[in-house]
Structure formats: structure tokens, C-alpha cells
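Please have a look at it first.

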Amino acid sequence: MTAVQEPKLTTFDDNDQKPVGYGRMLRKEDPRLLRGRGRFTDDVQLPGMLHLAILRSPFAHARIVGIDTSAAEAAPGVRAVVTGAALAEQGLAWMPTLSNDVQAVLATDKVRFQGQEVAFVVADDRYQARDALELIDVEYDVLDPVIDVRKALAPDAPLIRDDLEGKADNHCFDWETGDEEATAAVFAKADVVVETDVVYPRVHPAPMETCGAVADFDPIEGKLRLWSTTQAPHAHRTLYAIVAGLPEHKIQVIAPDIGGGFGNKVPIYPGYVCAIVASIVTGKPVKWMEDRSENLISTGFARDYIMRGEIAATRDGKILAIRTNVLADHGAFNGTAAPVKYPAGFFGVFTGSYDIEAAYCKMTAVYTNKAPGGVAYACSFRITEAVYLVERIVDTLAYELGMDPAELRLKNFIQPEQFPYETKTGWVYDSGNYEPTMRLAMDIAGYAELRKEQEEKRARGELMGIGIAFFTEAVGAGPRKNMDILGLGMADGCELRVHPTGKAVVRLSVKTQGQGHETTFAQIVAEEIGIPPADIEVVHGDTDQTPFGLGTYGSRSTPVSGAAAALVARKVRDKAQIIASAMLEVTVADLEWEKGKFQVKGDPGKSVTIQQIAMRAHGAGDLPDGIEGGLEAQICYNPSNLTYPHGAYICVVDIDPGTAQVKVRRFIAVDDCGTRINPMIIEGQVHGGLTDGVGMALMEMIAFDEDGNCLGASLMDYLIPTSLEVPDWETGYTVTPSPHHPIGAKGVGESATVGSPPAIVNAVVDALKPFGVRHADMPLTPSRVWDAMRGQATPPI
Amino acid sequence: MQVPAPFEYERATTVDHAIGLLERLGSSARLVAGGHSLLPMMKLRLANFEYLIDINPLHEELGYIKTSSDEVRIGALTRHRELLESDALAAAFPIFRDAERVIADPIVRNRGTLGGSLCQADPSEDLSAVCTTLDASCVIRGPGGAERVVSMEDFHVGPYETAVGDDEMLTEIRIPLRPGGGSAYEKVERRAGDWAVVSAGAAVWLAADGTIDDARVGLAAAGPNTTGIPEISAALTGHAPAEELYEQAGAIAARSCDPATDQRGSAEYKRHLANELTRRTLRRAVERARS
Ligand SMILES: Cc1cc2nc3c(=O)[nH]c(=O)nc-3n(C[C@H](O)[C@H](O)[C@H](O)COP(=O)(O)OP(=O)(O)OC[C@H]3O[C@@H](n4cnc5c(N)ncnc54)[C@H](O)[C@@H]3O)c2cc1C
């Protein structure tokens, strides 16, 4: 057995190496955030600011017969009460969703999910606004709801979207990928076929900071300033321009510090639009901040896929084909945040990390009377679902064949020489070297020893499980030619300006929600031009201050804007080289770059630093012919492909046979995200994602009763994990750079959220092997595990 | 931020002051102790009271754990944290420390009180199960200093309902101290800090010859109330502790509880837990009684 790596608990010392470039360094944003000096949307206070509260539907499906707002209007401090009917007069009752559907800003005709926005009150303070909601009298005619997604397309199902012309059923869209016939042919000849129904239940991103906005419309200048909890300030600004008809140059969207996004803050929510309308109507700044229950019941959920997975293989364990049929619940409005041409996001990567002969997926998406979505909840546009499916069914195959799941995976990996590898569903994996990653995870885990321990424990009636997941992610959308959000191409701008004293400012279109952009991007620029990260200011989250770009989600910041930052720095360096050649009186070709300075080849004593060059670029005296003053550049980076990070995760669980409680004892995560910029930040991202995975695998689910009441409306009902549910994470890494990315980096923001749920579920199912359990759905609460132990596992929906 | 409906607020300076206010304001008023049950309900507007009477200033007076030779008295304002940290209490009734380790989280435990827990009368409340297990009685004070003492059985009238009248207040819990005792508590939760799926407490008192002189089991989250199970006491008393006996007790617990299926688990599973946890706690209580 190889040595088991003890989790290091005191790695803090070498976390601050103060690198001029890549390496461990403490986050530049942390002193502000840790000392309570962050500035979040709810911290914004403007003179004369009013407060907005939203009345929401108590019913999942009901016709609005009438709304009486007179008592609310007469309540103390109330400045305005606005209903859907009032918005409709301005043509603002409906807005487009990110998936080209429409969504009600305030309901006019019907409410279509519990928690839907019905009216809003603007008052002098938050309490008055909330109190006045109680005084609005809405008369509803309650309708039968569609809650069971499997019955949404039944002929007698109540029609949800009668607002759409000619719509006669609850069908949302169909989508398919791969080759149906070729796949059927391979299945027909296979020795072994395993079929499993796999549910990825509805979960919620549940960021600690809920969504909100402060809208400040200046009627004199005609300018709207909007502080809002958005992961994509530029895309939002353009959409507001389109929806509200305001000229785009008169809209400034500011995303201040954000307390977690996880995709929840990608969509435009009715509340933002209400705040804008309220500010225009009252002529005052208006704040809207949703409370915890509002966030959980009405904002973008994630997942909610019911998947039938089939895997075909030879008797000796060569995987031949994968086929799946998916029923997707999109809620009342299709608010999915995904590139427009990808209604199922990047679910097409469900073939995983394996070299197979054929694959096919058919998906049907439906409307139900539930909150709209689903968003990219740390899922890289549905890759979470895809990876969960394939990693779960590969394990069912291992079970069927009586083969070790690690061995089965190793046998089927795409080989390093096959990259770039085009999958059977058309995705071109840029680079990968899977076996070393897998072997490293197995080494850290002490895999063979663990299996031995398990055998001994089983003999004693103890329940121990070892679960493996190997994932390939696809992150960093675009390219712009086939990826856009409502027509906005997925490419990112970046600007870099070096000041006369050699300090710099880099302006980004992406927006951190906790990922550490202010540090990572300073390090990327530092690596290229040798200015220490401490001397580089990262400006982001303000559309008046930054170039256009599509925002932070789907792990795209480093793959797209990170590339932009590196390239813009190289552009600045190229100019610096010309100025340096004049300063040193040699030709450009005679200079070589040594981080932070240009020196004469063969005579390193003759050199000028980037700071000296910066002063010269702004100083007195002539510059070389054709060179303008200043030291700055701007670019827009359009990625040529996605990047494809991968990883091998191993989870060890123990289950109490008496109570069926699952304890995650160990978790080994080996990630390959290509070039590593700040390993400490990467580890932080991985730790967070793994914790998230424990939540989804073991406890999280947004459930509904049969009337459509949301049963997860508080954090006492919708559980998210704490440090007590997670082990000390054991992390490792391999490095396979992306060949097309300027610095070889791949995204890592969502890897752990994608990879950990199947590892944990696989471990639980493995532990339950003595009971003949081949599959059990999340969330694996003690009660559901106990059902599985008795052969009574049921899907959660 | 979830905001409650408007209410008026007053700090009580003495127990009689608090009771005087209750007397005057009637059912439109509520006492607030730790506030960890009351305030969440008010923020969600599931409960709206016109007046809150803050009894935290009475902590000096009603925050105590007093042990005598035959009784332990605990003031109603004693906080979870004080119950957790009291060595004297852990020595007399280890069940308290067992339970407090799994109740909520440090933030809640710093403020939440024994009195509030019992008066909330949530069927999932752990301390109610503990007090039931220990055969505690509750001291209720009313107008004019009138005091009455009721058993846990009589204290809990139904879910979220107690014997405490609108103008009364719980001031103290009394637990009889008997020789040869041992106790234990176990809870199954979906996550640290979550309410119980089911929890069970057990207390046994062994006679000099090692047989069971008395045994009690209390369950939480296993029915509309956290009542005790007399049938178990009857089945165990007079017998020597043994695995078969615990199994029998577990079966009685499963049979006599009345759990409901909800997000925390199926009724069937909860019955199973009532059985499993009854056995486990009895086993541990006996071990402790012996040592
Ligand atoms: C996140 C969270 C998790 C929790 N988890 C658990 C758990 O796992 N197990 C558990 O058992 N509990 C749990 N609780 C509840 C916790 O124990 C509460 O603190 C307790 O239920 C109430 O105590 P309190 O002092 O806060 O009461 P308060 O909220 O102040 O009062 C509750 C009720 O009792 C009344 N009241 C209070 N004191 C008196 C008195 N002396 N006389 C008469 N009436 C009185 C009040 O008027 C009110 O109606 C949890 C609470 C939270 C917020």
C-alpha cells in the first residue's frame, strides 16, 4: 500500500508566498470581507431611499379574480402599490427569460407557482412595506396544479401556460443528441445491458446572501443606477435596455460584493424589475432585498431531471454505448440559464470520460406549477446531471459484471493520445490524461487497503462503502459562434492600464461571488508583466467601469476572462518592449524578457524594469516612432473551444446498520484543472464544492406536497451541510494544460460540485451491497437509506 | 431579512412584574426567553403578538442548577449552554449532557432556555423528552405569587400547548434524585443542528441486587407529544438488565409511539428508530448506573 497522505491542517504558513505570478497567496479581498468591511447590495444606503416588498402567491395554480389594494395604499408610510394590471399598462407585466421564454414580472391572469410575484408595495421602511402586504386583498380562483412531473403531459393535465398562444399542453421542449440508430445497433449486439432510473432531485443554490437590488433612477439625467446581486452585470444591463426600453448608455449596473451566487444570481428576477419600476414611479431610490423564504421558494432552482440510463458493454467490461431518456422539470416558466442553442445545457457530455462506440439522448422538458428555472447551480450547465448519470450507471455495470469499479473505469478511459477527442455527441475534449489522476487518487486513498478493510467489516456485519467518480467537465463558454445568451456572444473583454509609477489596474467583465477574482486575476497579470499582485487593482462588477463580457458562471471566468487578462498583459508587454528598446538603444529583437524587466540578450546588466518603462511611457521625451504615450491595452477574447478539466474522487462512508445514518469518513479529490494559478484558491473552490456535494447527496431537496406547497421554505426545512457533516478533505492534483488556452488553465469552480455527488452515492450504494442494493436515489437521508436496506428504495419524486 | 409584525416590548424586572404584565395584557402578550422558538415564528408571521415581555433580565434569579440530596432544581431561564456545561448536572443526570450536545448549535444554545423549550411544547423538543424521562415536575407561578407543581405528563396538554395559563409562568423544574441511577440520550438527525428525526432518553435505577428498580423512557418527535411510556417501566421493573429486556422495551416503544411521515422520515422508519434508540439508551443507562 502506498502511504496515506495525512490531511494537512496547518498549510496556512505557505499560503502567502507573495508570488509575482502564480503560487499560493492570501486573497486580496479577504481583509475587507473578514473584517466586515465588504459592501453588499443590502449595505447600499442612499438618501431618501424607499423599500419594496413583494406579495407572493400562496397557491401553486390559481386564477386571479381581483386585487384590492386600497387598504394597503392607505397604510402608514406606503408610497405605491403596484399590481400586474398596472404593469401591463406599461407593457412591463412580462419579461423574457434567459431561455427565450417569457415570465410574469407580476401575475396578471394566473399565478403559476407558489411564491410567484403578485404585487409590490413601496414604503418608507422595510417594516411598513412588509406590513402593508398583509392588507392587499387578492381573490383567487384555485385551479388544480401540475406537481407530478410524470403526469405533466397527461391528456387531462391542467394547462399551465395558457398565456402562450396556441399552447394546448405542458410541453416545454424536446431535445436530442447522438445517433439513435447506431446506438440501438450497438445495444443490440452487447453482451450486457444495464438499465437504471436515476433521479437528480430539485435542489437550490441557497447562497447566504439572498437576491436584491437598489434601483436609483435619476429623472433629470434619465440615468438608472442599479446595484444588484448579479453574476453577469453586462448581460443584465443589455437585457434591461431591451426590456425597459431605456437606452443602454443610461443604465449602470453595479454588482457590489456578492455573498455567494452558485448560479442563483444569473437570471433576471421579477424583483429587480419591480425595483426599477418603483424607482421610476416614485422618483426615489428603492431597495428590494428578498428574505430567505422568498429566495428558496421563488428563485432559480437547479437539476430536477428524471433520467433513465442504459449502458451496454462486453462481458469483460468494455463499455460500448450509453443511452438515456430524460424528463426535465422546468417549472412554470423556462428560466434556464444556458447558451440559447443548448436548451439542455451541456448535458451532451453524458458519455463521460470513456471511449465508447455510440451514444444517444432524448429529452423531454415540461412545465409544472413550480418555481421557474433551472439555473446553472454550480453545474457547468447541466454537467452535474450528466456526470451523475454516467458515473452512477458505470457503477451499476460494475455491480452487474462483478468487477471493481476502479478497474472498470481504468479499462475504458479515453487514452492520452486520443486527444483532442471528439465524443459521440460531438464534444471535442481538448486534453486529458486520466489514468495518472485516477491512480493518484487511489494511492492517496490506499484503495487496495480500503477494499480489504471493507471485506473484513462486511464479515462482521458492518457497513462500509467506497465510492468512485471520475468526471470530465466542459467549461468556459463560448466560442461566440455557437454560444450566446439571448443573442449576446459569449466572449469577454479586458482592459489593462499601467500607471506612470508602474502600478496597474485591470478591468474585467466577470464578477466574483467569492471565487477570489481580485487575487487570481492580479496573479495572471503579474505572471505576464512582472508587476506584483499587490500593485494591481482588479476592477469588476460595474458596467460603467469595465468592458463588456458575459459574466461569471459555468466556471468560465478563468477559461475566458483569465485568457483575456493574460493576452491583454502580453499586449502591454509587447508595447513595453518597443519602449524598452528605445530606452536601452537596442533593437526589439535584441531584448529578452526576464519577469519584470527587459534585458539585452547576452548583457543582462543592461535592463529596464516594467516600472521604469511605465514612467517612460508617460514621461517627458520622445517615444519610438508610431508608439503612442501611455501603457495600456484592451482586448476581447473569444475562446476557440471549451476547456475540459477532469478529476478522480473517492469517498469512504460508514453506515450505522441500526439507524441507517451515513457518515462520510474520508473524501479524496484529485483535480486536474490544467495550469494552477493560486493553489490555495483552487483548494478553497474544491472544498466548497465537495461540501456542496455532501449536501446534495445526503440531505438537500426542494420538495413539494401534492398541492404544490414548497416544503423547503426555510433553512430548517431545506438543509445545507455544516462542517460537522464533512470530513477533512484530502486533495491532490495533476496538471494537463489546455492546449488552446493562452496559459493552459481550465476552470475549476464547479468541478467538485459536479464530481462529488456520484462519489458519495456510489459509496453509499457500495456499502449497501450486502442487501443487494444496486441503486438508491439522493437525498440519502437516514430514512431513505433504511428503505434501501430493506429493498424498498424509492425515487424521491 | 424576515420582519415580524409590529409589537410592543417590555423588559421584566422581577418574576412578579412579568406575571403582572401577563395578567394585564392577557393572551395578546407572550414571554420571550431565548427567543429561538418564538422569534422565528414571529418573523415568518406564523405567530403575531402585540406585546413581548422579555424575561432575560430574570436570568440572575431564574438561571440556576441546585443539587440537594434528593432533588435537582433548575431555574426556567437556565440556558442550554449552562445545562451542557454543568458538571454537577452531568454527574447526576448524564442524559442532560448527552442531549445538549445534539440540541441545535452554539448560537441557539447560548440563548435558548430550559423553560422556553418546555413551554414551546414542540413534539420534537429534546429537553421535554429528557424531563419526561427523568420524571421531572414543573413549578408554575401565577398572580399573587401562587405556585403550583405539575408533572411532565400534565404539563404538556398537546402539541404546542402546556398547562401554563395566560397569566402564569414556568419558574422551575424539579427532578427527583434517587440512588443507583443512570441515564442516556440518543438522537438521530439528518444534519447537526437539525431537529430530531426521533430521539429517545432512558433512565434506570438499579436496586442493590442489580435488578431494575425503576426505568423510564421518553421519546421526542415520535408523536404529537413527548410523553413517557409507562408500559416500558412496568415491563422492566424487577428484572435483571439484559439484551432481551431492551429488545422488549424497544418493541413496546415502537408500538406505543405515533409518528407521522414528513420530510425527516417515514412513520415506519421513525417507529424503527424508537425501537433502536430505546434499546441503545437503556443499554447505556444501565452501564452508567452500574459504574
Ligand atoms: C436553529 C435551531 C435549531 C434548534 N434545534 C433544536 C433541537 O435540535 N432540539 C431542541 O430541543 N430544540 C431545538 N431548538 C429550539 C431551542 O431549543 C429553543 O431555544 C427552545 O425551543 C426555546 O427556548 P427559548 O428560551 O429560546 O424560548 P422562546 O423562544 O423565548 O420561547 C418559546 C415559548 O415559550 C414561552 N416561554 C418561554 N419561557 C417561558 C417561561 N419561563 N414560562 C412560560 N412561558 C415561557 C414563550 O412565551 C414562547 O411561547 C432549535 C432552535 C433553533 C433556532
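**Salt bridges and the A–B interface**

Let me start with Asp194(B), which is buried, its relative accessible area being 1%. Please keep in mind throughout that this is a predicted model. The partner of Asp194(B) is Arg264(B), and the two form a salt bridge in which the closest N and O atoms are 2.9 Å apart. That pair links distant parts of the chain, since Asp194(B) sits in the loop between strand 11 and strand 12 of chain B, while Arg264(B) sits in the loop between helix 12 and helix 13, 70 residues apart. Arg264(B) is buried too, with a relative accessible area of 16%.

A second pair in chain B is Arg288(B) with Asp98(B), a salt bridge whose closest N and O atoms are 2.8 Å apart. Arg288(B) belongs to helix 13 and Asp98(B) to helix 6 of chain B, so this pair ties together parts 190 residues apart in sequence. Here Asp98(B) is buried at 13% relative accessible area, whereas Arg288(B), at 25%, counts as partly exposed.

Turning to chain A, Glu195(A) and Arg308(A) form a salt bridge with their closest N and O atoms 3.5 Å apart, and the pair connects strand 10 with strand 15 of chain A across 113 residues. Both partners are partly exposed, Glu195(A) with a relative accessible area of 41% and Arg308(A) with 37%. Over all chains, a search of the whole structure finds 80 salt bridges.

Now, what do chain A and chain B share where they meet? In terms of contact, 30 residues of chain A touch 26 residues of chain B, and the two chains bury about 2,400 Å² between them, 53% of it on carbon and sulfur atoms. On the chain A side, Met716(A), Leu719(A) and Trp786(A) lose the most area to chain B, together accounting for 20% of what that side buries.

Helix 4, helix 8 and helix 18 of chain A each supply at least two residues to the side that touches chain B, and helix 4 gives the most, with 4 residues. Taken by type, the residues of that side divide into 12 nonpolar, 7 polar and 11 charged.

Notes. Residues numbered from 1 in each chain as written. Chains lettered and ligands numbered in written order. Predicted model: local features only at pLDDT ≥ 70, side-chain atom pairs only at ≥ 80, totals over all residues. Heavy atoms only, no water. Contact = heavy atoms within 4.5 Å. Buried area = accessible area lost by both parts, 1.4 Å probe. Nonpolar A, V, L, I, M, F, W, Y, C, P; charged D, E, K, R; others polar. Salt bridge = Lys/Arg side-chain N within 4 Å of Asp/Glu carboxyl O. Buried < 20%, exposed > 50% of the residue type's maximum accessible area, 1.4 Å probe, protein only.
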